[in-house]
Amino acid sequence: MTGFPTAVDIASAVRSGDRTATEVLSEHLARIDAAEGEIHAFNTVTEESARAAAERVDAAVAAGDDPGPLAGVPVALKDNLCTRGVPTTCSSRILEGWKPPYDATVVTLLERAGAVFVGKTNLDEFAMGSSTENSAFGPTRNPHDPSRVPGGSSGGSAAAVAAGFAPVSLGSDTGGSIRQPAALCGVVGVKPTYGAVSRMGLVAFGSSLDQIGPFAHTVSDAAVLLEVISGHDPGDSTSLPEPPTGISAALDRGVEGLRIGLIAEMMGDGIAADVTARTRDAAEALTAAGATVEEVSVPAVTYGLSAYYLVAPAEASSNLARYDGVRYGNRVEAATTGEMMEATRTAGFGDEVKRRIMLGTYALSAGYYDAFYGKALKVRTLTRQDFDAAYERFDLLLSPTSPTTAFAFGDKTADPLAMYLNDLCTIPSNLAGHPAMSVPFGVGDDGLPVGVQLLAPALAEPLMFSAAAVLE
């Protein structure tokens, strides 16, 4: 799945006039035409508007203007990012056909940078899942082996890049939804520091956990994309005043003199032997490049899964209350308002979304709030404290991204807990609000991609990317 042109190379060629954005787009649309029927990475392919955008980029170049750092680069967008006038469904029947009246901030920033949007990608409904099997519009398939899942919830965005439908894409990461599919599809996936990228226009799942980030074939493409979408946004109350900067400039820094901790709790039970082996290989590669790598204990990460599956559903039950058949989205008519709301939500939401709404509502109920939600928040604080302690000794941390390589369709759908365990290594970073990224590092015993995860303290993206470039 390699050999595709990088976003950096495409933008350079378009800006210099060596290639046109229209030619580049036609190549990618041809790839989509050839393989999308099998992969199903997209809910909507926006060919007409993409051609118009490519023509605008070409006109700007012809006029001697610089269209921006992503000039003519095709980009795929997860279908939970609002796009004005283009269906934004979150892969849910309840939003089928809904067209937002505005663009998400990241969409505006990408347009300003000269990017060309090729479509909206499939996902687990409302970003709830780890395999993209929970989509109301059918699953996405892994381009490396179509009998396997691409991961989730941003499975469509990961598959679009892996299949060469777009050099880069955007996903959202609430508990690993960028990094886990990146690992399973053999691409780079980044969850930035919470607040570094605006969430304005991202359809909310867990507001204190959600973060938008890039997928790419290369670390340098991911760096450019992250620099474009980062920055303060007054439209997002959780947006940081200063984003991480100098990420691309840090790619040549190397890891000489860095202290990197291999997280002991993520190298044992529940992690496949071949994935553990690749992670140890990555540790050796970093050591050979001049870093000091030692095992480190981050005890609270073992409770991450339990805490997350109380905090995230609690926030989801609150966020998804707005889908009531009144304000927007689909409506099922009934005799009374209460019956209409119940019928709309029953028909509109899938099983996993209903499961999490009920779990979250239960955790927030008067009799159980302190016992469940309150306790989960304490574990979240403990997780932050344990990470802070680890970062006093180490500059970066290392772990597997996903416990296994891509699994077969239906393998885990009957047991929600087995599916939730896919996020074992990724959830702690969301609870802490810290950046983390998955970098492809070899293959497992089945020949499918393995990703290793680099974790960093808040706003230490440049350091994290410098280590990622070494692993690449």
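**Close-up views of a predicted model**

**Figure 1. The largest nonpolar core and the contacts of F465.** Of the 79 residues in the largest nonpolar core, L110 and F465 touch the most other members. Helix α7 (residues 219-229) supplies the largest share of this core, 8 residues. A nonpolar core is a set of buried Ala, Val, Leu, Ile, Met, Phe, Trp, Tyr and Cys residues joined through side-chain atoms within 4.5 Å. Buried denotes under 20% relative accessible area, exposed over 50%, and partly exposed in between (1.4 Å probe, protein chains only). Beyond its neighbours within four places in sequence, F465 is in contact (heavy atoms within 4.5 Å) with V190, V219, A222, A223, L226, I247, L251 and M437. Another core, of 31 residues, lies apart from the largest one and includes L305, L320, F349 and L431. The model is predicted: local features need pLDDT of at least 70 and side-chain atom pairs count only at pLDDT 80 or more, whereas totals for chains, interfaces and linings use all residues. Residues are numbered from 1 along each chain as its sequence is written, and side-chain values use heavy atoms, with hydrogens and water left out.

Figure 2. Helix α8 (residues 273-288) has 16 residues and spans 23 Å from its first C-alpha to its last, close to the 22 Å expected at 1.5 Å a residue; the expected span is 1.5 Å times one less than the number of residues. Helices (H or I, at least four residues) and strands (E, at least two) are DSSP runs, numbered from the N terminus. Buried in α8 are D274, V275, T276, R278, T279, A282, A283 and L286. G290, which follows α8, has a positive phi, near 110 degrees.

**Figure 3. The buried face of helix α1.** In helix α1 (residues 7-16), the residues A7, I10, A11, A13 and V14 are buried. Seen down the axis of α1, these residues fall within an arc of 165 degrees, so they line one face of the helix; the arc is that of the directions from the helix axis to the C-beta atoms. They pack against α2 (21-39), α3 (47-62), β2 (74-78), β4 (168-172) and α7. G17 follows α1 and has a positive phi, near 90 degrees.

**Figure 4. Salt bridges.** The whole structure contains 17 salt bridges, each a side-chain nitrogen of Lys or Arg within 4 Å of a carboxyl oxygen of Asp or Glu. D79 and K120 meet through their side chains (3.3 Å, N to O). D79 lies in the loop between β2 and α4 (105-112) and K120 in strand β3 (residues 116-121), so the pair ties together parts that are 41 residues apart in sequence. Both D79 and K120 are buried. In the bridge between R327 and D324, the closest N and O atoms are 2.8 Å apart; R327 is exposed at 55% relative accessibility, whereas D324 is buried at 8%. Salt bridges that share partners join R19, E23 and E27 into one network.

**Figure 5. Aromatic pairs.** The count of aromatic pairs is 13. Rings of Phe, Tyr and Trp (its six-membered ring) pair if their centres lie within 6.5 Å; planes under 30 degrees apart count as stacked, over 60 as edge-to-face and the rest as tilted. Y362 and Y368 form a stacked pair, 4.5 Å centre to centre with 25 degrees between the planes. Y362 is partly exposed, with a relative accessible area of 41%, and Y368 is partly exposed at 36%. One aromatic cluster is formed by W98, F126, Y323, Y328 and F349.
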